[in-house]
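Colleague: I would like to learn how to read local features from a model. Could we go through one together?

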Amino acid sequence: MISANNVTLRVGKRALFEDVNIKFTEGNCYGIIGANGAGKSTFLKVLTGERETTSGEVVITPGERLSFLEQDQNKYDELMVRDTVIMGNARLYEVMKEKEAIYMKEDFSDEDGIRAAELEGEFAEMNGYEAESDADALLNGLGVDEDYHEKLMKDLPGTLKVKVLLARALFGNPDILLMDEPTNHLDMDAIAWLEDFLIDFENTVIVVSHDRYFLNKVCTHIADINYSKITLYAGNYDFWYESSQLMIRQMKEANKKKEEQIKELKEFIARFSANASKSKQATSRKRALEKIELETLKPSSRKYPYIDFRPDREIGNEVLTVEGISKTIDGVKVLDNISFVVQHDDKIAFVGGNEFAKSTLFQILMGEMDADEGTYKWGVTTSQAYFPKDGGKEFEGDLTIAEWLTGYSENKDATYVRGFLGRMLFAGEDGVKRLKVLSGGEKVRCMLARMMISGANVLIFDEPTNHLDMEAISSLNDGMIKFKGVELFACRDHQVVQTTANRIIELMPDGTMIDKRTTYDEYLAADAGARKRTVYVAIEKDDVTE
């Protein structure tokens with residue numbers, strides 16, 4: 001067990017955590033969630049001892065071993081891959097190296113023999129004789145081929161270093177396992193292996209992740225950071241969301257009933273307080289009125305934008321025809337003879353590791369780039385709204401947000417435009433913010449507001465979840481599902497793709513494509529190669545305090 005007892009952490013005058021009391025117990029997997037900036041990663045650092053608390057303490061059951069996922073990919077560059085994994089159990093690695101050093105001695109003394117025997121006993125107790133095979137099994141499971149196991153870490157590409165560091169954290173059956181974004185830069189095969197590993201893991205797991213799909217698969221509990229407190233919920237992420245919304249609804253309904261009761265009591269008191277025959281009843285009701293307390297509905301630190309794409313006109317049967325599009329950039333064939341026909345009800349996810357190819361195709365379809373060969377034709381009833389992967393140029397001017405969005409609206413009424421900004425959490429004075437001071441997340445919300453106000457019946461998204469927190473991603477996901485038009489999109493969020501797309505087009509490394517009318521999970525299940533070609537990338541780091 002690991003627990004935080006009365007933990008407070010202050011950063012300047014701000015209390016990041018205050019009087020937090022929480023226990024994490026054996027056999028459970030805890031997902032740490034909270035708005036961006038709430039301090040999820042910082043809380044993990046508190047649990048590992050990497051970050052000192054202002055007050056309170058973290059207590060670990062004596063004798064238990066804590067392991068955590070390292071973030072520095074270059075930390076072990078001079079070590080062999082297999083040794084890096086075994087070092088996950090520091091004591092085992094020390095015993096192994098000391099034992100090897102003794103046996104390497106030319107003048108082996110009696111004292112050396114006694115010490116070697118002691119080490120052999122401790123080594124056996126820690127299953128040291130299986131250490132190399134266990135390390136290899138972890139590496140193989142994560143997709144690190146045996147050819148790499150005896151290479152130096154510095155000779156591995158970054159994607160494999162991430163897998164080695166994860167194997168290091170998992171090695172030796174730690175009693176407590178802490179991980180920050182463990183699926184980041186893993187391919188889908190490796191993520192599936194990790195999910196199975198954690199589901200079967202019998203000790204304590206605490207994980208921070210932006211991947212709702214992953215949290216739903218592995219978590220038995222959710223620890224929600226909100227207003228400097230941490231509240232524990234049983235169940236996975238979806239269960240937490242439903243539970244938290246249900247609690248709010250129940251409190252509102254209870255308050256509504258109390259307000260009706262208060263109104264009736266006040267009316268009775270007003271009518272009969274001066275009536276001698278009713279004075280006792282009026283006094284009794286005054287006492288009852290004083291005892292009624294309304295539940296305080298403290299607003300969450302989370303804020304959910306309202307994303308609702310409404311097309312101005314219904315789309316016809318002819319949407320988009322793409323024939324033989326090819327494009328070579330800097331000598332590399334990015335798109336090779338790409339052809340497909342978009343139909344009336346299509347929501348197409350463009351997947352695969354070749355992100356540049358997706359962006360290139362979208363830019364061609366929006367007229368921002370010319371193809372080397374081939375053609376495309378939009379149907380006469382279509383109108384398009386485009387979310388570019390890099391929209392930085394949109395925000396270089398000195399306009400306010402409201403002025404900028406008005407330029408894209410047919411209706412120039414200020415109240416109408418401000419309504420769209422309000423839905424995207426730009427309330428009041430936020431509407432007069434200048435474009436050049438916006439954060440990454442604010443820029444994304446502005447571009448989504450522009451898409452909503454356009455009334456387009458075809459939406460093209462190129463990685464819209466970048467820089468968004470989980471609340472905004474959930475809202476975007478809902479908006480994409482409900483949209484009554486056609487969508488072409490590339491997105492790293494597994495749940496967005498799975499719940500939105502009814503057709504998958506994978507752009508291959510050689511520029512060709514695979515086109516299947518299916519869900520994303522069905523596509524991955526049917527093609528082992530696709531699982532290896534698709535890599536998850538975390539949305540945003542939770543670096544709040546520095």
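Colleague: Is Tyr227 buried, partly exposed or exposed?

Modeller: First, the ground rules. This is a predicted model, where local features need pLDDT of at least 70, side-chain atom pairs count only at pLDDT 80 or more, and totals for chains, interfaces and linings use all residues. Residues are numbered from 1 along each chain as its sequence is written, and side-chain values use heavy atoms, with hydrogens and water left out. Now the term: buried means under 20% relative accessible area, exposed over 50%, partly exposed in between (1.4 Å probe, protein chains only). Tyr227 has a relative accessible area of 39%, so Tyr227 is partly exposed.

Colleague: Where does Tyr227 lie?

Modeller: Helices (H or I, at least four residues) and strands (E, at least two) are DSSP runs, numbered from the N terminus. Tyr227 sits in the loop between β8 (221-226) and β9 (229-234). Its phi is near 55 degrees, a positive value in a residue other than glycine. Ser228 is in the loop between β8 and β9. Ser228 also has a positive phi, about 70 degrees, and is not a glycine. Ser228 has a relative accessible area of 18%, so Ser228 is buried.

Colleague: On to rings. How many aromatic pairs does the count come to?

Modeller: Rings of Phe, Tyr and Trp (its six-membered ring) pair if their centres lie within 6.5 Å; planes under 30 degrees apart count as stacked, over 60 as edge-to-face and the rest as tilted. The count comes to 17 aromatic pairs. Trp193 and Phe197 form a stacked pair, 5.4 Å centre to centre with 25 degrees between the planes. They are four residues apart in helix α7, so about one helical turn separates Trp193 and Phe197. Trp193 is partly exposed, at 22% relative accessible area.

Colleague: What makes Tyr416 and Phe420 an edge-to-face pair?

Modeller: The ring centres of Tyr416 and Phe420 are 5.1 Å apart and their planes are at 70 degrees, so the pair is edge-to-face. Both residues lie in helix α13 (residues 414-423), four residues apart, about one turn of the helix. Tyr416 is partly exposed at 33% relative accessibility, whereas Phe420 is buried at 7%. Elsewhere, ring pairs link Phe17, Phe24, Tyr30 and Phe43 into a cluster.

Colleague: Now charges. How many salt bridges does the count come to?

Modeller: Side chains of opposite charge can pair when their charged atoms come close. A salt bridge is a side-chain nitrogen of Lys or Arg within 4 Å of a carboxyl oxygen of Asp or Glu. The count comes to 34 salt bridges. One of them joins Lys97 and Asp83, with the closest N and O atoms 3.5 Å apart. This pair links distant parts of the chain: Lys97 is in helix α3 (residues 90-103) and Asp83 in helix α2 (residues 81-86), 14 residues apart. Lys97 is partly exposed at 30% relative accessibility, whereas Asp83 is buried at 13%.

Colleague: Where in the chain do Glu355 and Arg492 lie?

Modeller: Their side chains meet in a salt bridge of 3.1 Å, N to O. Glu355 is in helix α11 (residues 355-365), and Arg492 is in the loop between β16 (486-490) and α16 (494-500), 137 residues apart. Glu355 and Arg492 are both buried.

Colleague: What is the distance between the closest N and O atoms of Lys433 and Glu442?

Modeller: In that salt bridge, the closest N and O atoms of Lys433 and Glu442 are 2.5 Å apart. Lys433 is partly exposed, at 27% relative accessible area, and Glu442 is buried, at 12%. Salt bridges that share partners also join Asp346, Arg503, Asp515 and Arg517 into one network.
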